Amino acid sequence: MSEQQEQQPVILTIDDQEYDVNELGNDTKVHYVEVVNLRKQLADLQNQIAAAQQQSINLQVALGFRENALRESIKVVEEESETDAG
């Protein structure tokens, strides 16, 4: 293999215009890397938000169950107290 291997093109598409990142200037490459990183961070954040929303729903369901169980247990105690008093 030669020292000067041909680089595979890395295609960047902006406004339906394609660019080979390998042919761009250094400043442009820095911006490209930052755009890729920011897009990844944004996608990760959106995934975290979706997971948090699902967790919120799950917690609301669990809370509803526990609140109902609490209400039922109070009724049982009240009924037992009334039976014992009568």
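Biologist: Which side chain meets Lys-40 in a salt bridge?

Modeller: A salt bridge needs a side-chain nitrogen of Lys or Arg within 4 Å of a carboxyl oxygen of Asp or Glu. Here the N to O distance is 2.9 Å. The partner of Lys-40 is Asp-44.

Biologist: What kind of model is this, and from what number does each chain count?

Modeller: This is a predicted model: local features need pLDDT of at least 70, side-chain atom pairs count only at pLDDT 80 or more, and totals for chains, interfaces and linings use all residues. Side-chain values use heavy atoms, without hydrogens and water, and residues are numbered along each chain, as its sequence is written, from 1.

Biologist: In what order do the elements of the protein chain run?

Modeller: Helices (H or I, at least four residues) and strands (E, at least two) are DSSP runs, numbered from the N terminus. The protein chain has one helix and two strands. Helix H1 covers residues 26-85. From the N terminus, the order is β-β-α.

Biologist: How far apart in the helix are Lys-40 and Asp-44?

Modeller: Lys-40 and Asp-44 sit in helix H1, four residues apart. That means a separation of about one helical turn.

Biologist: Is Lys-40 buried or exposed?

Modeller: Buried means under 20% relative accessible area, exposed over 50%, and partly exposed in between, with a 1.4 Å probe and protein chains only. Lys-40 has 51% relative accessibility, so Lys-40 counts as exposed.

Biologist: Which residue pairs with Glu-72 in a salt bridge?

Modeller: The count comes to two salt bridges. In this one, the N to O distance is 3.7 Å. The partner is Lys-75.

Biologist: What relative accessible area does Lys-75 have?

Modeller: Glu-72 has 45%, so Glu-72 is partly exposed. Lys-75 is partly exposed too, because its relative accessible area is 42%.

Biologist: How much accessible area does the nonpolar patch of Leu-42, Leu-45 and Ile-49 have together?

Modeller: Patches take residues with over 30% relative accessible area and no salt bridge, joining like charges within 9 Å and nonpolar side chains (Val, Leu, Ile, Met, Phe, Trp, Tyr) within 5 Å. Leu-45 lies in helix H1. At 44% relative accessibility, Leu-45 counts as partly exposed. By the Shrake-Rupley method with a 1.4 Å probe, where only the protein chains shown cover residues, the patch has about 270 Å².

Biologist: Which residues form the negative surface patch?

Modeller: Lys and Arg count as positive, Asp and Glu as negative; His and the chain ends are left out. Each charge is placed at NZ of Lys, CZ of Arg, CG of Asp or CD of Glu. One patch member, Glu-80, is partly exposed at 47%. The patch is Glu-78, Glu-79, Glu-80, Glu-82 and Asp-84.

Biologist: How far apart are the centres of the positive and negative sets?

Modeller: The protein chain has 6 positive and 17 negative side chains. The centres of the two sets lie apart by 5 Å.

Biologist: What radius of gyration does the protein chain have?

Modeller: The radius is taken over C-alpha atoms, and the globule rule is 2.2 Å times the number of residues to the power 0.38. A compact globule of 86 residues would be near 12 Å. The C-alpha atoms fill a box of roughly 100 × 35 × 20 Å along the principal axes. The chain's own radius of gyration is 30 Å.

Biologist: What share of the 86 residues counts as buried?

Modeller: The accessible surface comes to about 8100 Å², with 52% belonging to carbon and sulfur atoms. The buried share of the residues is 3%.
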